[in-house]
Amino acid sequence: MKHLVAATATLLLSAVSIVAQPFSHGIADGPTPWTDKVFDVGEDRFMFAIHSDLTGGERPQVFEIAMAQLNLLRPEFVISVGDLIEGGDVDRDQHLREWEDYDRRVEALKAPIFYVGGNHDLSTQLSQDIWQARLGPSFYHFRYKDVLFLVLDTEDNTPSRIDEIAAARAQAVEIYKTEGPKAFAATEYNQMPERASGTISAGQAAYFRAVIADNPDVRWTFLFVHKPAWKREGDVAFSSIEAALSDRSYTVFNGHEHVYDYRQRHGRDYIQLATTSGEQFPDLGMSEDHVTLVTVSGEEVDIATLMLSGIRDRTGSIPLGGDEVCFAAVECAAEQ
């Protein structure tokens, strides 16, 4: 037992010396004016960021500021929760211009960005064809430092259903523009289950169950969906993915509603993000511009919600002249 304790102590000291190696000081002996905790670094530690919805009437300058702020935070990569372009238009050239505009703006990031599709990005057959041509699959997975990332597509409908939803959506959008949200609430599109919680096909669910089975040794799993698929009555597809993860640590992020919401489901965090320049609905809850910073270290995950109004550069200013920009509709209305 003594040998085991001694060996363990030696290993711990070696680990500490390796981690602390870049640190040196000039105090020869006696107490030191800092704590004795090990530096919070390690090969298994990393940080990524998430941005949320841009659509429904994107407010100018906000998204560009968010990209500059993410560069200040220096995540290893950035991922979205969908609704990256306005979309919904039958004009192919307009679709392409919107994608080129989004691509141009995220090009300013120092880190890579992973795309997640929302209903604005994938609502028509045209938009799905453009996505596939430009970006490849609409659902996929990747693994980074023994952490599994699952990117789901909640617009995974049959071609005929895509056309039906697209027609109803186009009509509802016009009603929203001309008559307002109350009239929109009464539209056929708003009553469709696909509008609120989307669709995940049986084939997509099978794909992710296989991915989960093929990666049994990951220390955490993150799921990114645009719409909260688990809210759909009679859901089988997403619940089968949850069942496959039942003995694992995982976190789910979604967008779509433009209102921040935190809840636990199956004992895990399900976090709905608000906006990163999209239209805001302060009457429904916390509807403000923010980014999310996730730090993974060992078996621990820390999640920070960072409001754009609070991320400032070394001069104490919001980047790109953002001091005069309003990031919360409720505050903007109060100031007027």
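Predicted model: local features only at pLDDT ≥ 70, side-chain atom pairs only at ≥ 80, totals over all residues.
1. Residues are numbered from 1 along each chain as its sequence is written, and side-chain values use heavy atoms, with hydrogens and water left out.

2. Now the overall build. The C-alpha trace spans about 75 × 50 × 35 Å along its principal axes, and the secondary structure comes to twelve helices and eleven strands. (Helices, H or I with at least four residues, and strands, E with at least two, are DSSP runs numbered from the N terminus.)

3. How much of the protein is buried? Of its 336 residues, 45% are, where buried means under 20% relative accessible area, exposed over 50%, and partly exposed in between (1.4 Å probe, protein chains only). As for contacts with a separation of 6 or more, 70% are between residues 24 or more positions apart; a contact means heavy atoms within 4.5 Å.

4. Have a look at the rings: there are 33 aromatic pairs. (Rings of Phe, Tyr and Trp, the last by its six-membered ring, pair if their centres lie within 6.5 Å; planes under 30 degrees apart count as stacked, over 60 as edge-to-face and the rest as tilted.) Phe77 and Tyr144 pair edge-to-face, 5.5 Å centre to centre with 80° between the planes. Phe77 sits in strand S2 (residues 77-80) and Tyr144 in strand S4 (residues 140-144), 67 residues apart. Phe77 is buried, at 3% relative accessible area, while Tyr144 is partly exposed, at 27%.

5. Another edge-to-face pair is Tyr250 with Tyr270, at 6.2 Å centre to centre and 70° between the planes. Tyr250 is in strand S7 (residues 250-254) and Tyr270 in strand S9 (residues 268-272), so this pair ties together parts 20 residues apart in sequence. Both tyrosines, Tyr250 and Tyr270, are buried.

6. Ring pairs also build a cluster, with Phe46, Phe48, Phe114 and Phe253 among its members.
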